[in-house]
Amino acid sequence: RLKLSFASRAKVAKNPVAEELFRIMTTKQTTLCLAADLTSSTDILNLAEQAGPHICLFKTHIDIIEDFHPNFLKPLQEIAERHNFLLFEDRKFADIGKTVELQYRKGVYKISSWAKVVTAHSITGKGVLDAIKASGEGAGVFLLAETSAAGSLIDEKYTKATLKLAEQYPDLITGIVCQSPLFLQNPGLLQLTPGVQLDAKSDGLGQQYNTPDNVVRDRGADIAVVGRGISKAKEPEITAEKYKSILWDAYSKRLQE
Ligand code: UP6
């Protein structure tokens, strides 16, 4: 996987969202996922507009927005379409299947109606994935096999079992959220790695950061998630472009190494 181009991997992806992502990444030359962890809808829209040209994924935690109104989603979708990136809700579903189905489709956020891809924990087993799949919206799932949090309870056994679960849902799974190159034999899946920043090693609340070059060349990341490294920067647009080009250079080097 690590030595193959995204263009060639698009051809072997089984999940339609993964295929689309590989194509966007190739066209825009970006592997940057922006974590838009802001609490004002106007700030989120402004950030999407500024970073839009430089990202492949725009990752939200929709439930932290303080002035959320469903009308917010329309301009966000318009920006996503115009700048050619996908909307990604980092919901980390982790309940029984029936509850996940409700959390995914109902409530104020109606995540299934706008998010192209979501995250899920494997802790409760296959019910979570069955529920998302049954909604039939053609979405993708990033399954969490490792975390960037210090002191996480996830162990090797859990990580391995998570990868096995992912294998059972090839048409649904877009990729794996992890910190190391766990799966090498399946080039159709994407490795998504959070905990990426140039200027900090941690955040005082257990987040652990690595540099963009390190996560791509040593830790196997295909897509890197950057949040505060960009959103709290003085000039988010310029900073997003900077992360994009460092990440793309690292990917290009990885292909040649
Ligand atoms: N995230 C992690 N680590 C994980 C999984 N997800 O940090 O293992 C998510 C967080 C946050 C983003 O929920 O939205 O990635 C990281 O943001 P940051 O770059 O500002 O730390």
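Student: How far apart do the end C-alpha atoms of residues 31-243 lie, and how much of the span is helix and strand?

Tutor: They lie 9 Å apart, and the span is 33% helix and 18% strand. Helices (H or I, at least four residues) and strands (E, at least two) are DSSP runs numbered from the N terminus. This is a predicted model: local features need pLDDT of at least 70, side-chain atom pairs count only at pLDDT 80 or more, and totals for chains, interfaces and linings use all residues. Residues are numbered from 1 along each chain as its sequence is written.

Student: How do I read the strands, and in what order do they close into a barrel?

Tutor: Strands of a sheet pair through backbone hydrogen bonds, either parallel or antiparallel. Here eight strands close into a barrel in the order β1-β2-β3-β4-β5-β6-β7-β8, with parallel pairing. Two strands pair if DSSP finds at least two bridges between them. From one strand to the next, the twist averages 25°. As a close-up, β1 (residues 32-35) and β2 (residues 57-60) run parallel and are joined by three bridges, and Cys33 stands opposite Leu57 in β2.

Student: And helix pairs: at what angle do α3 and α4 cross?

Tutor: Two packed helices are described by the angle between their axes and the distance between the axes. The axes of α3 (residues 41-51) and α4 (residues 73-83) come within 10 Å and cross at roughly 5°. That makes α3 roughly parallel to α4, a label for angles under 35 degrees. Axes are lines fitted to C-alpha atoms, for helices over the stretch in contact, and angles run from 0 to 180 degrees between N-to-C directions.

Student: Which residues of α3 and α4 meet?

Tutor: Leu45, Ala48 and Glu49 in α3 meet Pro75, Leu76 and Ile79 in α4; contact needs C-beta atoms, placed from the backbone, within 7 Å.

Methods
Angles under 35 degrees count as roughly parallel, over 145 as roughly antiparallel, 65 to 115 as roughly perpendicular and the rest as oblique. Two residues are in contact if their C-beta atoms, placed from the backbone, lie within 7 Å.
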